[in-house]
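Keep the structure open while you read.

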Amino acid sequence: MRTLFLAFAAASLVATGAPAMIPEDNAFTSLSRIQDNTKIVDVGTVRSGGDGVVELYTFHAGRLGDLIGTERVHAGANSDVRIDTRRPVRGDVMAVLKVDGQIVATHQFRNINR
């Protein structure tokens, strides 16, 4: 599963900097900045084609790490999606939107609290 995810994540982080081609109804939009020294990560507005979940993982050197938090989302626009990580986050993290168990969108947050 991680290998499949990493392939998807790598495709979204191509050298051109262009986002991965994802269906228009699934996306991280209106991204918020993560506040320093907080255990709450605000990933902003998440648009989802169905009921799903946003998972937040540590992300280092192009590799997916530990799952550090989740938040359920509903079909449509979900504003101010906040994920409780239970501890302050440091470094890079990857937000993953899953609908019906399938990865439909990702977004990397870089250099959090460094």
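Q: Is Gln108 buried or exposed?
A: This is a predicted model. Gln108 sits in strand 7, residues 102-112. Its relative accessibility is 13%, and the cut-off for burial is under 20%. Gln108 therefore counts as buried.

Q: How many salt bridges does a search of the whole structure find?
A: One is between the side chains of Asp42 and Arg82, at 3.9 Å from N to O. Glu55 and Lys98 form another, with their closest N and O atoms 3.1 Å apart. The search of the whole structure finds 2.

Q: How many residues apart are Asp42 and Arg82?
A: Their side chains meet in a salt bridge. Asp42 is in strand 2, residues 40-48, and Arg82 is in strand 5, residues 76-84. The pair links distant parts of the chain, and the separation is 40 residues.

Q: Which strands does the salt bridge between Glu55 and Lys98 tie together?
A: Glu55 is buried, and so is Lys98. They are 43 residues apart in sequence, so the pair ties together separate parts of the chain. Those parts are strand 3 (residues 52-60) and strand 6 (residues 91-99).

Q: What is the relative accessible area of Leu56?
A: Leu56 is in strand 3. It touches residues beyond four places away in sequence, including Val41, Leu67, Ile68, Ile83, Val93 and Met94. Leu56 is buried, and its relative accessible area is 0%.

Q: Which backbone nitrogen lies 2.7 Å from a polar atom of the side chain of Asn26?
A: Asn26 is in the loop between helix 1 (2-12) and strand 1 (27-29). At 6% relative accessibility, Asn26 counts as buried. Its side chain also has a polar contact of 3.2 Å with the side chain of Asp25. The backbone nitrogen at 2.7 Å belongs to Gly49.

Q: Which strands stand at the edges of the open sheet of 3 strands?
A: The strand order is 1-2-5, with antiparallel pairing. Each edge strand has a single partner strand, so one side of each is left without a neighbour in the sheet. The edges are strand 1 and strand 5.

Q: Which residue in strand 2 stands opposite Ala27?
A: Strand 1 and strand 2 run antiparallel, and 3 bridges join them. The residue opposite Ala27 is Arg47.

Q: Over which residues does pLDDT stay under 50?
A: The mean pLDDT of the protein chain is 78, and 68% of its residues reach 70 or more. Where pLDDT is low, the predicted coordinates should not be read in detail. The stretch under 50 has 27 contacts beyond four places in sequence, and it covers residues 3-22.

Note on methods:
Residues numbered from 1 in each chain as written. Predicted model: local features only at pLDDT ≥ 70, side-chain atom pairs only at ≥ 80, totals over all residues. Heavy atoms only, no water. pLDDT = per-residue confidence, 0-100. Contact = heavy atoms within 4.5 Å. Salt bridge = Lys/Arg side-chain N within 4 Å of Asp/Glu carboxyl O. Helix = DSSP H or I, 4+ residues; strand = E, 2+ residues; numbered from the N terminus. Buried < 20%, exposed > 50% of the residue type's maximum accessible area, 1.4 Å probe, protein only. Polar contact = N/O pair within 3.5 Å; in protein donor to acceptor, adjacent residues only side chain to side chain. Pairing = 2+ DSSP bridges.
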